Amino acid sequence: MSRPTSACIDLDALRRNLLRIRELAPRSRVMAVVKADGYGHGLERVAHALEGADAFGVAAISDAERLRAAGIAKRIVLLSGFVEPGDLPLLQRLRLDTVVHHESQLAMLEAASLLPDQGRIQAWLKLNTGMNRLGFPADAAGAAHARLRALPIVGDEICLMTHLARSDEFDSAFTLEQCARFELATAALDGPRSLANSAAVLGWPQTHADWVRPGGALFGLSVVAGRPASEFGLEAVMTLGTRVIAVNSVEPGAAVGYGGGFVADRPMRIAITAIGYGDGYPRLAPSGSPVVVRGVRTRTVGRVSMDLLAIDVTALPEVQVGDRVELWGKQLPVEEVAAAAGTISYELTCGITRRVRFMER
Ligand SMILES: *Cc1c(COP(=O)(O)O)cnc(C)c1O
């Protein structure tokens, strides 16, 4: 038998999540954010399933190239923008929209010798309203907008955007402050507006504006601490699974795995499963992390190895070699595993390695 480790991607759930987002933001267009290989779900398959989106957002030009090569004709926005003059002909050829967030990019556009009749580049002018990562200072918005307007190579409709730093805190006033700064900075400028990431789609309707930019919510990831995506009508898209490849009994006092950190305090049955950090299961998940076998929840024991993970099946005498194990997905929200490992769900889905077989349903 080949390695039974797989990530099953539920494309119908993905499409239903997009519909749910449209329900939550009925007056906005949806840019489906599919950066980092579609949050680890597989860029091309995700993009084909999301034909109903109005645009795609990616971070890397290479991802945009993959989408075009896969026949995706829709608008694609380069969320981190271009980084060197040599990127510009590629943007033009691939018909990409780009975020413009920095003075250096304006200078590159002004120095470029591209011909507008080969296609104009659509710009999304990004303003910094409090994230302090990418974006022009709010008081530089007018000048940057005017410089973009003056460039024949830049398309007429300049979108205005900002990114929210704390939209996942539904009781924080910071999002409202960012909104107010954005409104003030853009009051005299025309063009569609975009502020909302997933958490803002769910919790801040006043940020929805012309374009929402959900990523995690599309994939059914929880984007608000302590509130599973299901609470908002969103479904898990990825289920990471494997099978039991051995079941062993251990005596009290026996240690399981590298380092001997887990010691049985009674006679135990331990199932060994074919998953490890070599597949993207987090090595930092400690003993006691949740896992589901045969539909029943139990816990991991001992250190996560590269290829193997031990789980406690003492209370599940029916468990045998070949049984299905779910690491996260439909039966076990990935957030629970992420919390145990001291990270967030996004890092886990993005971290699945090439050894894992992807399947669609
Ligand atoms: C990643 C990203 C998003 C999507 O974020 P989620 O929290 O996953 O919805 C939206 N906008 C920008 C600029 C991003 O970089």
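**Exercise 1. Determine which residues Q331 touches, leaving out those up to four places away in sequence, and describe where Q331 is found.**

Step 1. Taking contact as heavy atoms within 4.5 Å, one finds that Q331 touches V292, G295, R297 and E326. The model is a predicted one, in which local features need pLDDT of at least 70 and side-chain atom pairs count only at pLDDT 80 or more, whereas totals for chains, interfaces and linings use all residues. Residues are numbered from 1 along each chain as its sequence is written, and side-chain values use heavy atoms, with hydrogens and water left out.

Step 2. Q331 lies in the loop between β18 and α10, where helices (H or I, at least four residues) and strands (E, at least two) are DSSP runs numbered from the N terminus.

Step 3. Q331 counts as partly exposed because its relative accessibility is 42%; buried means under 20% relative accessible area, exposed over 50%, and partly exposed in between (1.4 Å probe, protein chains only).

**Exercise 2. Characterise the interface of domain 1 and domain 2 by its buried area and its salt bridge count.**

Step 1. The domain assignment, whose bounds come from an automatic or database source, gives domain 1 (11-226) and domain 2 (238-360) for the protein chain. To the contact, domain 1 gives twelve residues and domain 2 gives ten residues.

Step 2. About 970 Å² is buried between domain 1 and domain 2, with carbon and sulfur atoms giving 60% of this area; buried area is the accessible area (1.4 Å probe) that two parts lose on being put together, summed over both. Of the area that domain 1 buries against domain 2, Y39, R45 and L221 supply 44%, more than any other three residues.

Step 3. The count between the two domains is one salt bridge, defined as a side-chain nitrogen of Lys or Arg within 4 Å of a carboxyl oxygen of Asp or Glu. A salt bridge joins the side chains of R45 and E360, at 2.8 Å from N to O.
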